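Biologist: I am new to this structure and would like to go through it with you. Could you show it first?

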Amino acid sequence: MQIRMSSFVRKEMLHILRDKRTMLVVIVIPLMLILLFGFTVSTDVSNIDVVVSAPVRSSDVESSVRHLASSPYITFVGYIDMASIDAMLRSGKASAAVVYAADYAVTHDVQLVIDGADANTAATTNAYLQVIIAGGQPSPFEMHMLYNPQMKSSFNFIPGIMGMIFILICAMMTSISIVKEKENGTMEVLLVSPVRPIYIVISKMIPYLMLSFIDLIIILLLAHYAMEVPMTGGVGGIIVVSVVYLVLSLTLGLMVSNLVQSQIAALLISAMVMMMPVLFFSGMLFPIDNLPWALRWISYVVPARWYIDAMRKLMIMGVGLEGVLLELGVLLLETLVLFVASVMKFNDRLE
Amino acid sequence: MNNAIEICGLSKSYGSVNALREVSLTVGEGELFGLIGPDGAGKTTLFRILATLLVADSGTATVCGYDVVTDYKRLRQLVGYMPGRFSLYQDLSVEENLSFYASIFGVTLEENYDLVAPIYRQIEPFRTRRAGMLSGGMKQKLALCCALIHKPQILYLDEPTTGVDVVSRAELWDMLSMLREQGITIVASTPYMDEGSRCVRIALMSEGRILEVCQPPDNLEEYFIERMRGV
């Protein structure tokens, strides 16, 4: 059986190497997504245009404003009077205004007026301004933003993109490649052979596992060296959890290929039923706590949610493997259940 | 003569379409048996049942003494099956296809080279060419090699000559006669009446039924049309 498996794997590698589109999907798309989300698309807020209104320009106010203006995230536009704040924000010349109380020197009261048209940017601006202003004055709060102090969105996106790419390669590409054999009639010939059909599909998984492992390494290198994701929790844990997720995605692909007969159907199911949940239920775009309760329950069975949670902890919070045992356990359990189900469901006849 | 294939009362329907109705048939060991009939006669369904790919709704079939439903795993080592549609990997070369199919049966091309040699020699000059780039006739020759590479006791050929030019068709039938001399039982289907005469016995099929099993008469085409009208 050893020889047969290896000749299957060899054949599969030939298919992949000779199909330029597959190579494109497998190598270029992950790179593109990482670079796109990591560098270009970003919810980071920088160069916030800030105006200041201070009825009394005491030395305390001026020192606070100097501190504010020196921040790399802030562009200090100028002093204006209270009445023109609204006009400044409306015209887009400023996106936030800081209003110092007349008795600022005594009370340290500051009012923030923020353009709230884009809720996410407003929230970030608010957080930045509070931290910066608090840093320039005596305050009852000492603020520490742990793990991602600069609130870099690439930190948040990288685990999400990994969750998506591995579904793309492992689940989608594998299911398409199995269904392709059905469509082309080659499955018919393979079935009338002594090879246990389940070996046929398992040996199909191996090349895709290898390819996605290469992708994993590329992503980790990019994330660490180009985007400075810390990964203080150790690369070992990241790789262990990722490999479990890879196998899980391959099993999902096998499941899909059991259910459909055409490559188009496999593509649609993989994209709609498997990639969409990664976007919506993984916390990549929207915090899971903001989901309605019904959707939150669904998110508990979406593997990407657990994987991305684990990756955040391992890559950004810097915990070790022992900190993600729950996530790892859930992923292992789901892998086992899916694998048993799809092997049992695998049809070694034509109907 | 022992019977290689015994079919008794096989019926199979897809929804409301009756693909096979009460088909009974025996094929002797070492015979070259032809299934002759128009498209939709049920030939492919019959092949798929005999190749253990489909399970009949009713009736039984044994091949080499093994039941096609209960002993399907053992049978899959003994039969060679060439589907009606070209079912090789178009992106693999001639040689890669052949060694792949050899390997899944646990044999190598070198081991069984003698068996396929008369056919393989004709396509060997193109062994590095992708299967998808071959002509129709050469594709069928390659498919035949792939179905033969593991020395099957029984060979099923579903319309091996459809879409193949006249010369290649004659060559393919010559090869089948040669294989028969080596003791392989062959069941082949064809929609072409003239090819029926190359068989030892033929079964005339129409609309899921076997009209008649006989030795090919001289005027097969007229005979068949007469029988069709008679139903």
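Modeller: The notes below cover the core, the chain contact and a helix pair.

Modeller: This is a predicted model, in which local features need pLDDT of at least 70, side-chain atom pairs count only at pLDDT 80 or more, and totals for chains, interfaces and linings use all residues. Residues are numbered from 1 along each chain as its sequence is written, while chains are lettered from A and ligands numbered from 1 in the order in which they are written.

Biologist: Which residues touch the most other members of the largest nonpolar core?

Modeller: Ile167(A), Leu50(B), Cys145(B), Tyr156(B) and Ile186(B) do, in a core of 140 residues. A nonpolar core is a set of buried Ala, Val, Leu, Ile, Met, Phe, Trp, Tyr and Cys residues joined through C-beta atoms within 7 Å; buried means that 20 or more other C-beta atoms lie within 10 Å of the residue's own, with C-beta atoms placed from the backbone.

Biologist: Which helix gives the most to this core?

Modeller: Helix 7 of chain A (residues 153-184) does, with 18 residues. Helices are DSSP runs (H or I, at least four residues), numbered from the N terminus.

Biologist: How many residues of chain A are in contact with chain B?

Modeller: There are 22 from chain A, in contact with 23 of chain B. Contact means C-beta atoms, placed from the backbone, within 7 Å. Helix 1 of chain A supplies the largest share of the chain A side, seven residues.

Biologist: Which residues of helix 10 of chain A make the contact with helix 9 of chain A?

Modeller: Among them are Val235(A), Ile238(A) and Ser242(A).

Note on methods:
Buried ≥ 20, exposed ≤ 12 C-beta atoms within 10 Å, placed from the backbone. Helix = DSSP H or I, 4+ residues; strand = E, 2+ residues; numbered from the N terminus. Contact = placed C-beta atoms within 7 Å.
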